[in-house]
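Please keep the sequence and the three-dimensional view at hand while reading.

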Amino acid sequence: MELKAKLGRITAVLLLALTTQAVFAGPADPANELAALDQQTQALKKSVLELNRDLFVLEEELLYPSNTQVAVFVSLDVGEYFALDSVELSVDGKNVSNYLYTERELKALQRGGVHQLFIGNLKVGEHELVAVFTGQGPHERDYRRGASLIIDKNIGSKYVELRISDSEQAMQPEFVVREWE
Amino acid sequence: MIRSAIQHWSSLVASLAILAATIGPARADGLDGFVVQDPHYGEVLFHFYQQDQFTALTHLVTARSQNRVQHHQDDAELLQGGLLLSWGQHDEAGKIFERLLDTTDDVSVRNRTWFYLAKVRYQRGHLEAAERAFESISAPLPPELEAERYNLHARLYMDNGRYADAVALLNNWKGDETWTAYANYNTGVALVRMGQLEMGATLLDRVGTMRASTEEMRSLRDQANVALGFSYLQAQLDGDARPVLLRVRLNGPFSNKALLGAGWADSAGKNYRAALGPWLELSDRDLLDSAVQESLLAVPYAFAQLGAEPQAAEHYTRALDIFGTELARLDNALADAGSDRLLNSLLETEPGSMGGWYWELDSLPDDERTRYLYFAIADHRFHEGLKSYRDLAALDKHLAQWQDKLSAYRDMLATRELAYAERLPVLQDKVARFDLPAMLAQQEQNTQRTKQARATRDVVAVAPDVEQKQWRRLLAMESAPAWDTRAASGLQDKQRVLKGVLLWNMDKEFRVRLWRQENANAELSEDLKLAADQFAAIERATDSLPGTVLNFEQRIDALEASIGQLQTRLGGSMGQYAQFLNAIATEELVAQRERLLTYRAQARFALASVYDRMAAQNR
């Protein structure tokens with residue numbers, strides 16, 4: 001009898017515990033110490049976030065002023081015919097970036113994320129961008145393909161997109177370098 | 001022995017609550033298939049999809065302040081709210097969601113906003129307001145959010161004791177395999193709590209026998225079997241409990257509870273010999289788990305019930321030794337609990353990254369100092385406090401990194417200033433020697449001359465210098481004093497022929513030469529315009545660079561001061577958290593010590609009883 005009584009209590013507590021998620025805590029007592037600390041933490045985090053924003057803006061204005069700034073982004077659309085390994089980027093014949101993608105990054109690209117491959121400064125005038133994509137093409141064959149674009153850099157930031165998409169008609173990947181509008 | 005078990009279960013089950021913290025699968029955002037129109041928004045998503053939430057949030061806030069996500073205003077607002085919510089910024093997140101509901105008509109955005117608002121309210125304990133927010137969702141959400149919505153809503157019902165509503169809600173929902181398993185589990189538990197064991201058991205049994213390909217699912221399967229096994233025990237269905245509890249993996253996080261329960265199932269049926277199997281297995285495990293502590297008393301109890309007094313005495317003696325050793329270790333841990341050493345050793349196990357916002361402390365470093373925090377983390381306040389402490393420590397580290405960067409930028413600006421001071425005189429000298437106005441006047445003159453040549457068909461004006469020189473010499477001959485004399489008559493003929501040939505040639509080439517001249521004038525005009533622009537740019541740069549550098553330096557000064565102030569505040573706050581956490585840790589350690597003391601007292605008493613019985617038998 002003693003054992004059964006004990007089990008009754010244990011099971012009730014156990015079931016409660018099993019259905020309680022720490023992340024979704026039950027009703028909180030706003031007067032308790034943790035709640036007060038939490039309010040303080042929220043205020044602190046808010047301040048850090050604002051400061052962080054100002055720091056980022058300063059950093060960009062200092063290192064990449066908008067009149068010379070050029071940023072190159074990589075995006076992926078579908079990606080059934082091409083599994084991206086790496087991208088090599090040259091500007092006016094000079095290599096500026098070699099980037100090897102992790103599986104996690106590839107998944108982020110496939111879900112619609114855009115990777116900023118390069119940010120730098122270029123003078124006003126014409127510049128040639130050449131991107132070389134390496135990976136596995138259809139039938140798991142090694143695949144290496146280049147694409148280029150002449151950009152006319154004016155005063156103001158310039159954003160360029162390196163886009164990998166699938167050509168359903170040719171059943172091949174397509175590589176496009178274009179200015180982001 | 002059995003009475004003491006009741007007290008221990010409260011801590012055992014509390015620790016189970018932590019182990020069972022992940023009651024829903026890893027969350028997704030429901031934004032798949034989104035067409036990115038602003039690259040910087042896509043860049044934020046790139047970090048977000050990799051669970052690098054802090055980077056995503058900081059980049060999003062920066063991009064929004066620079067007006068770089070114009071095409072995604074509502075989604076960016078919603079994403080920011082969601083990220084803030086995940087980071088524990090409930091108040092800010094709540095404000096964003098309420099603002100969004102006031103400003104957007106987009107039904108999809110509104111529904112997602114209601115969902116997040118419900119989540120904020122639930123987390124803050126405003127259950128009625130959370131319920132209203134759930135009811136405001138007018139259409140299905142993206143699949144991943146929809147699953148979370150149903151499960152969260154069901155939990156809200158269960159928190160309010162509305163188990164029937166929870167069951168009805170989850171019965172009407174079909175999700176993917178993982179979410180369905182969680183829903184079955186939650187529904188099963190709700191049914192058992194409503195007293196409908198048979199129906200609840202069907203669902204829990206379904207989860208308890210499912211094929212599981214991931215550790216998360218295997219763990220859920222074990223959890224379901226433990227819940228079902230104990231429900232059977234409560235209902236005095238000991239025979240049903242045992243096989244269910246034995247389905248739990250021997251090395252999983254729920255195995256200790258399952259072994260203890262399996263022993264109880266046998267013990268309840270007076271089958272003490274069978275009970276010894278799981279209890280003996282359990283008694284050799286890590287003593288941190290109260291199930292193991294319990295087994296140290298359960299094993300000799302079973303031997304005693306079987307009439308095996310010598311073995312019972314041996315195991316009680318063993319238990320006393322183990323409890324004694326453990327108490328000494330606990331005393332050392334208690335001495336540490338007053339200092340920051342415990343917290344620091346916890347933070348050492350995971351460097352201060354802010355990536356894992358869904359971080360749960362479900363495993364502890366195997367360290368003499370920290371192993372006893374196992375009990376403290378079972379306390380919700382400790383767990384949440386530690387999470388915040390860790391976030392603050394990571395922010396402190398983050399700000400220190402910015403401080404280093406700012407110092408580098410200050411050096412960079414100093415170098416720029418130096419280079420400016422060195423180059424300026426050279427540049428000014430070059431500019432002074434370059435007479436741009438004179439060149440512009442010369443160019444204007446050339447243009448006028450070409451225009452005149454076109455208007456009057458002046459073939460000589462566009463001819464090369466050599467031909468112009470020859471033409472002038474031929475004309476000069478006609479002005480010579482001896483030109484009209486008889487002796488010059490032969491020369492006059494020659495001169496006339498040469499003049500005619502030259503004129504004919506110049507006339508023939510006129511159109512080409514005029515075209516070339518006009519082109520050359522236009523090119524020169526462009527070059528001079530460019531030069532004028534460059535001169536102006538040099539002048540502007542010369543004038544503005546000192547101001548720009550000064551502006552940056554002032555901004556760096558201000559930001560460095562802000563970093564310093566924030567670090568002071570962070571330090572103060574971390575100190576308060578440390579005090580708070582150490583107090584809970586001490587409280588838990590004291591409670592644990594008292595439990596062990598009670599166990600030891602019970603073991604001593606039981607051992608004495610066994611010795612008495614043995615003595616009586618020998619008499």
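The sections below treat chain B as a whole, then some of its helices, and then a sheet of chain A.

## Chain B as a whole

The structure is a predicted model. Chain B contains 23 helices and zero strands. Buried residues make up 37% of its 619 residues. Among the contacts in chain B with a separation of 6 or more, 65% are between residues 24 or more positions apart.

## Helix α7 of chain B

Helix α7 of chain B spans residues 127-135, and A130(B), A133(B) and F134(B) in this helix are buried. These residues lie on the same side of α7(B), because they cover an arc of only 100° around the axis. In general, residues three or four places apart in an α-helix point the same way, since there are 3.6 residues a turn. E128(B) and E135(B), on the other side of α7(B), are exposed.

The cover over the buried residues of α7(B) includes two helices of chain B, namely α6 (107-123) and α8.

Helix α8 of chain B comprises 17 residues, 143-159. From its first C-alpha to its last, α8(B) reaches 24 Å, which is close to the 24 Å expected at 1.5 Å a residue. Of the 17 residues of α8(B), 13 are buried, and the helix is thus mostly covered. After α8(B) comes G161(B), which has a positive phi, near 75°.

Two packed helices are described by the angle between their axes and the distance between the axes. For α7(B) and α8(B), the angle is about 145° and the axes are 11 Å apart. On the α7(B) side, the contact is made by L127(B), A130(B), E131(B) and F134(B). On the α8(B) side, H153(B), L156(B) and D159(B) take part. The crossing of α7(B) past α8(B) is left-handed.

L83(B) belongs to helix α4 of chain B, residues 73-86. Is L83(B) buried or exposed? L83(B) counts as buried because it has 23 C-beta neighbours inside 10 Å, and the cut-off for a buried residue is 20 or more.

Leaving aside residues up to four places away in sequence, L83(B) touches Q53(B), A56(B), L57(B) and L60(B). D159(B) is 76 residues from L83(B) in sequence, and their C-alpha atoms are 25 Å apart in space.

## The sheet of chain A

In chain A, four strands form an open sheet with mixed pairing, in the order β4-β1-β7-β8. The edges are taken by β4 (115-121) and β8 (172-179) of chain A; each has a single partner strand, so one side of each is left without a neighbour in the sheet. On average, neighbouring strands of this sheet are turned by 15° against each other, direction ignored.

Strand β1 of chain A, residues 69-76, runs antiparallel to β4(A), and six bridges join the two. Q69(A) has N121(A) in β4(A) as its bridge partner.

## Helices on the sheet

Helix α3 of chain A (residues 103-110) packs on the sheet and touches β1 and β4 of chain A. The direction of α3(A) makes about 90° with that of β1(A).

Helix α2 of chain B (residues 39-48) also packs on the sheet, where it touches β1, β4 and β7 (158-167) of chain A. The direction of α2(B) makes about 55° with that of β1(A).

Technical notes:
Residues are numbered from 1 along each chain as its sequence is written. Chains are lettered from A and ligands numbered from 1 in the order in which they are written. This is a predicted model: local features need pLDDT of at least 70, side-chain atom pairs count only at pLDDT 80 or more; totals for chains, interfaces and linings use all residues. The expected span of a helix is 1.5 Å times one less than its number of residues. A residue is buried if 20 or more other C-beta atoms lie within 10 Å of its own, exposed if 12 or fewer, and partly exposed in between; C-beta atoms are placed from the backbone. Two residues are in contact if their C-beta atoms, placed from the backbone, lie within 7 Å. The arc is that of the directions from the helix axis to the C-beta atoms. Two strands pair if DSSP finds at least two bridges between them. Axes are lines fitted to C-alpha atoms, for helices over the stretch in contact, and angles run from 0 to 180 degrees between N-to-C directions. A crossing is left-handed if the near helix is turned anticlockwise from the far one by less than a right angle, and right-handed if clockwise.
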